[in-house]
Amino acid sequence: MDLYYLPGSAPCRSVIMTAKALGLQLNKKLLNLMAGEQMKPEFLKLNPQHTIPTLVDGDFSIWESRAIMVYLVEKYGKTDSLFPKCPKKRAIINQRLYFDMGTLYKSFADYYYPQIFSKAPADPEMHKKIETAFDFLNTFLEGQQYAAGDTLTVADIALLATVSTFEVAGFDFSKYPNVAKWYANAKTVTPGFDENWQGCLEFKKFFN
């Protein structure tokens, strides 16, 4: 399987950790977005949205990190522990995945990306949205070791990629004790976290 990616990308890192948890080998292919490689005709045939991560499994290609994660688990998982078949458990996992995409990671992008890529000043209103997102996550994690149930799932992996990126960006989430406790555990139990952290450090260069 080919994975078109950048190591600093949180969505790419979530796919890599999922593959690691499943014992899968990915043929990782760096895609230089700054050089416009995502606009080459051969890549557009794989992904007309020209985004990363993009996974190619034989004659099948799929993009959007959370869709890739679920695809890998459903096709290659020896058990359903990362994405249980129980409708209620799966619904909670999906809620956390959509929360990560539409609220938590979005708050990161809305606040930090203009500063990184457009040299815009920090927007206090966007920072408030980060705090609101972490308030929600802190509530979700009340009394919970994992993000969606009693074991590690793809919800934890996606959130871990995002929260670790907040860490290297310098966001202090120590005032969210449930998040801090969950994060400390997730770092130790999630396969592939070391590679995720190396990617975080790569992304951190944008803040230097």
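This is a short tour of a predicted model, stop by stop, with what to select at each one.

Before you click, note that residues count from 1 along each chain as its sequence is written, and that side-chain values use heavy atoms, without hydrogens or water. Because the model is predicted, local features need pLDDT of at least 70 and side-chain atom pairs count only at pLDDT 80 or more, while totals for chains, interfaces and linings use all residues.

**Stop 1: the N-terminal span**

Select residues 1–80. UniProt lists them, in an unreviewed entry, as "domain: GST N-terminal"; its positions are given in the numbering used here, feature names are shortened, and annotations may be inferred rather than shown by experiment. The span is 39% helix and 20% strand, and its end C-alpha atoms lie 21 Å apart. Helices (H or I, at least four residues) and strands (E, at least two) are DSSP runs, numbered from the N terminus.

**Stop 2: the sheet**

Now show the strands. Four of them make an open sheet in the order S2-S1-S3-S4, with mixed pairing; two strands pair if DSSP finds at least two bridges between them. On the edges you'll find S2 (27–30) and S4 (60–63), each pairing on one side only. Neighbouring strands here are turned by 20° against each other on average, direction ignored; the axes are lines fitted to C-alpha atoms, for helices over the stretch in contact, and angles run from 0 to 180 degrees between N-to-C directions.

Zoom in on S3 (residues 54–57) and S4, which run antiparallel and are joined by four bridges. Pick Thr54, and its bridge partner in S4 is Trp63. Pick Val56, and Ser61 stands opposite. The two strands form a hairpin with two residues between them, and Gly58 in the turn has a positive phi of about 70°.

**Stop 3: along helix H4**

Select residues 87–117, which are helix H4. Where does H4 bend? Go to Asp100: the bend there is about 45°, taken as the angle between axes fitted to the seven residues ending there and the seven starting there. Arg96 lies over the face of Phe140, at 4.5 Å from the ring centre (the rule: NZ of Lys or CZ of Arg within 6 Å of the ring centre and within 35 degrees of the ring normal).

**Stop 4: aromatic pairs**

Next, show the Phe, Tyr and Trp rings (six-membered ring for Trp); they pair if their centres lie within 6.5 Å, with planes under 30 degrees apart counted as stacked, over 60 as edge-to-face and the rest as tilted. That rule gives 24 aromatic pairs. One of them, Tyr105 with Phe108, is stacked, at 6.1 Å centre to centre and 15° between the planes. Because they are three residues apart in H4, they are separated by about one helical turn. Both Tyr105 and Phe108 are buried (under 20% relative accessible area; exposed is over 50%, partly exposed in between, with a 1.4 Å probe and protein chains only).

Then select Phe117 and Phe206, an edge-to-face pair at 5.6 Å and 65°. This pair links distant parts of the chain, 89 residues apart: Phe117 is in H4 and Phe206 in the segment after helix H8 (193–204). Phe117 is partly exposed at 45%, and Phe206 is partly exposed at 40%.

**Stop 5: past the end of H4**

H4 is followed by Lys119, with a positive phi near 55°. In the loop between H4 and helix H5 (124–140), find Asp123, partly exposed at 33% relative accessibility. Finish by setting a C-alpha to C-alpha distance from Asp123 to Phe140: 26 Å in space, for 17 residues in sequence.
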